[in-house]
Amino acid sequence: MSLHSTQPAAAGIYLHIPFCRQACVYCNFHFSTSLRYKDDVLRAMALEIELQRNYLGDTPVQTVYFGGGTPSLLTADEILRLFDAIQRTFRVDELKEVTLEANPDDLNIGYIRSLRSTPVNRFSIGIQSFRQPDLEYMKRAHNAQQAEAAIKGAQDVGFEKLSIDLIYGVPGMTDNHWRENLDKVRQLQIPHFSAYALTVEERTALHHAIAHNKAVPVDAAQAAGQFGILMDTARAMGYEHYEISNLALPRQYAIHNTNYWRGLPYLGIGPSAHSFDGLHRRAWNVSNNIVYTKAILEDNKPSREEEVLSPFDHLNEYIMTSLRTQWGCDLDHIARNWDETTATVVEKGSHLFQEKHWMVQDGRVLKLTDQGKYFADRIAGDMFLSGDDL
Ligand code: SF4
């Protein structure tokens, strides 16, 4: 089996801003709560953009995403400096979406207005919940009032492209509380939102607190029930559940993330950022601000590792990501990009799940049902292929 490849139509750039004001208990992203090296890291990131000038070739950059960490800790000038480096280095004539992840406590009117001088045209706001007890359980830096004020402020200043993050399955959050959070999305006319179950990752403060009986454990049954409420409520409110964790009003999909799922290339800049060349190579930067900065500023060379994907890795990734989306896993796409035999084996592998009503086949496309979405990762894992299957 081999993978046939074509020149990608678009690319994305992800910038990881590795700083936060305080640590949320559940978080296992890479960040530092000390801002001491912020200037150095940003200088290194601007230089890394130039050092990676060949990574995307001639492919036009369609999206830029400032993620983290907390990108709203950057001033408008700092954002502009990073963006200038991108503009000098890559093709941006087809740029459509520039997203800034922002925390509500940073989004005061003065700051939001200052961002009008930058190319940022979309916010992804880390609301997590509109309820104070949930925010306290998660040790978020903002309060419930700031959550709502941040959204209204962004809308007042004219940022129409808005997304918010919400978390369900938080101990103490009843089903009705979760419904009220979802209803806020409707009331505030937010065009896009992401919803995640609270998960307890190892090496997080939450994991430690639960292990030492200092925090109420997370209940998987509560989270599953609230995932069901999410599907029903979002549908009733007119949102498309276009990816397991992402919901949008018609045609308001996040372009950056959708391009990830379509397998388009992206370049990750900053500590811990990941890159994919759209073909066979995945790379990731070191998750350490000092090591990252020194490697670039002193040795002129990013500290990163790389892996080469086999055709099976690539196929399995396609199965996993496509099944999570409303567009599903396209057997014709597999036949075109791998071969017909592979498409037939994948189709056969789906029969068991179709019998359980976890999946339906719509022509040549396999899609998860609502019931199947509860087990998306498990189903995809069971459908993965290896050399023994062909
Ligand atoms: S603000 Fe975001 S990145 Fe920072 S600790 Fe909280 S969840 Fe993690």
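Biologist: Which helix gives the most to the lining of the largest cavity?

Modeller: H9 does, with three residues. Helix H9 spans 255-261, and helices here are DSSP runs of H or I with at least four residues, while strands are runs of E with at least two, numbered from the N terminus. Before we go on: this is a predicted model, where local features need pLDDT of at least 70, side-chain atom pairs count only at pLDDT 80 or more, and totals for chains, interfaces and linings use all residues. Residues are numbered from 1 along each chain as its sequence is written, and side-chain values use heavy atoms, with hydrogens and water left out.

Biologist: What makes this space a cavity, and what makes the other one a pocket?

Modeller: On a 1 Å grid over the protein atoms alone, a cavity is a set of points where a 1.4 Å probe fits but cannot get out, whereas a pocket is an open set with protein on both sides within 12 Å along at least five of seven lines; lining residues have an atom within 4 Å of a point. The structure holds one cavity of 30 Å³ or more, and the largest cavity has a volume of about 40 Å³. That volume is the space filled by probe spheres set on the points, which are joined across faces, edges and corners. Its lining includes Gly-12, Thr-63, His-256 and Asn-259.

Biologist: How many charged residues are in the lining of the largest cavity?

Modeller: None: the lining has five nonpolar and four polar residues. Ala, Val, Leu, Ile, Met, Phe, Trp, Tyr, Cys and Pro count as nonpolar, Asp, Glu, Lys and Arg as charged, and the others, Gly among them, as polar. The second largest pocket, of about 390 Å³, does have charged residues in its lining: four, beside 13 nonpolar and two polar. Its largest lining share, four residues, comes from H8.

Biologist: Why are S13 and S14 at the edges?

Modeller: The three strands form an open sheet in the order S13-S15-S14, with antiparallel pairing. Strands S13 (329-330) and S14 (359-362) each have a single partner strand, so one side of each is left without a neighbour in the sheet.

Biologist: How do you know that S14 and S15 pair?

Modeller: Pairing takes at least two DSSP bridges between two strands, and four bridges join S14 to S15 (residues 365-368). In one of them, Val-360 has Lys-367 as its partner in S15.
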